[in-house]
Amino acid sequence: MTLTAIPGFRVGHWTDAVGQTGCTVILCPGAGAVASASFLGPSPATREGVLLSPEKKVERVHALLLTGGSAFGLAAASGVVRVLEERGVGHQTPFARVPLVPAAVVYDLGVGDPLARPGEREGEAAARAASSEPVPRGRVGAGTGTTAGKYLGGPGAVPGGLGSAMLERYGVSVGALAVVNPIGDVLDERGGVLAGPGTGPGAVSFAPGDVENTTLVAVVTEHTLSKADCRRLADAAQAALGRVIHPSHTYWDGDAAFMLSSCAKPPADPLLLGALVQEAVCAAVRDAVRQANGLGV
């Protein structure tokens, strides 16, 4: 079960297996989704990130782009906007509907070809490929060139990948998608090392700037949330990264977490919803490295 098991949300990838980069688009239901985000990493690269702050006026967004290519990859959002405009989807203004597409990037320029970057055409292709089928996972889309466990530098790093999960309990459901590119190790359900060298930082030192890292998370639900609720749950998603990645939120990470609600169902118990958000994020991160490294389920 992946994020697309939540009705109304669709996911599409564009993948460059040679250049080792790609992008992933999450399309929201036609009316959009109430959304907010949490940026705890000190070096995030985003588009429309400020718009997602709870105090800002616009509540709903129409798609979310997660992409490789560092800041260059943000150009792919324009291709998503083009597709949504063709379909008549967007925020109504006096003269046009304006699609709102927040975006966030990972740094993957050192893995494959640093000149291979998602752009407008690639973002458009990912948006047109979006479907409600189970999300393809592993070394695809924005997870194509990602790696984990990089605190030793090159040695010890393993593919990070893209993963997804959907959890449901007592009639409450959430879906999560993670693009895993941390400096730290990814931990399994028992706290053991699932991906990475497992020796801990300090075994070999590196100079600041030698590695650039970021884990991106998107969580969706049908249960009605306010924009402030979405922000609190995005913070909860960030807390989950601290459970599954060690160390997390380091000086070299730009971790970003997005929370989106279609508001198609009544509000859920906030304690249960918060717990499910954290569990789904952990499951999606672990799924990413398992799929990327052929470790099974």
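A crossing of two helices is left-handed if the near helix is turned anticlockwise from the far one by less than a right angle, and right-handed if clockwise. Keep that in mind for the first close-up. This is a predicted model, where local features need pLDDT of at least 70, side-chain atom pairs count only at pLDDT 80 or more, and totals for chains, interfaces and linings use all residues. Residues are numbered from 1 along each chain as its sequence is written, and side-chain values use heavy atoms, with hydrogens and water left out.

**View 1. Helices α3 and α4 make a right-handed crossing.** Helix α3 covers residues 227-244 and helix α4 residues 270-292; their axes come within 8 Å and cross at roughly 45°. (Helices are DSSP runs of H or I, at least four residues, and strands are runs of E, at least two, numbered from the N terminus. Axes are lines fitted to C-alpha atoms, for helices over the stretch in contact, and angles run from 0 to 180 degrees between N-to-C directions.) The pair is therefore oblique: under 35 degrees counts as roughly parallel, over 145 as roughly antiparallel, 65 to 115 as roughly perpendicular, and the rest as oblique.

From α3, the contact (heavy atoms within 4.5 Å) uses L233, A236, A237, A239, A240, L241, R243 and V244, while α4 brings L273, G274, V277, Q278, V281, C282, V285 and R286. Sort these residues and you get 12 nonpolar, 2 polar and 2 charged. Here Ala, Val, Leu, Ile, Met, Phe, Trp, Tyr, Cys and Pro count as nonpolar, Asp, Glu, Lys and Arg as charged, and the others, Gly among them, as polar.

**View 2. Cysteines C28 and C230 have sulfurs too far from their closest cysteine sulfurs for a bond.** A disulfide is a pair of cysteine sulfur atoms within 2.5 Å, and the count here is 0. For C28, the closest cysteine sulfur is in C230, 11 Å away. For C230, it's the one in C263, at 6.9 Å. C28 is buried at 4% relative accessible area, and C230 is buried too, at 0%. (Buried means under 20% relative accessible area, exposed over 50%, partly exposed in between, with a 1.4 Å probe and protein chains only.)

**View 3. C263 has a positive phi.** Its phi is near 60°, and it isn't a glycine. You'll find C263 in strand β18.

**View 4. The peptide bond from H246 to P247 is cis.** Omega is near -10°. P247 sits in the loop between β17 (245-246) and β18 (256-265).

**View 5. E48 has a positive phi without being a glycine.** The value is about 60°. Look for E48 in the loop between β4 (46-47) and β5 (60-61). E48 is partly exposed, with 30% relative accessibility.
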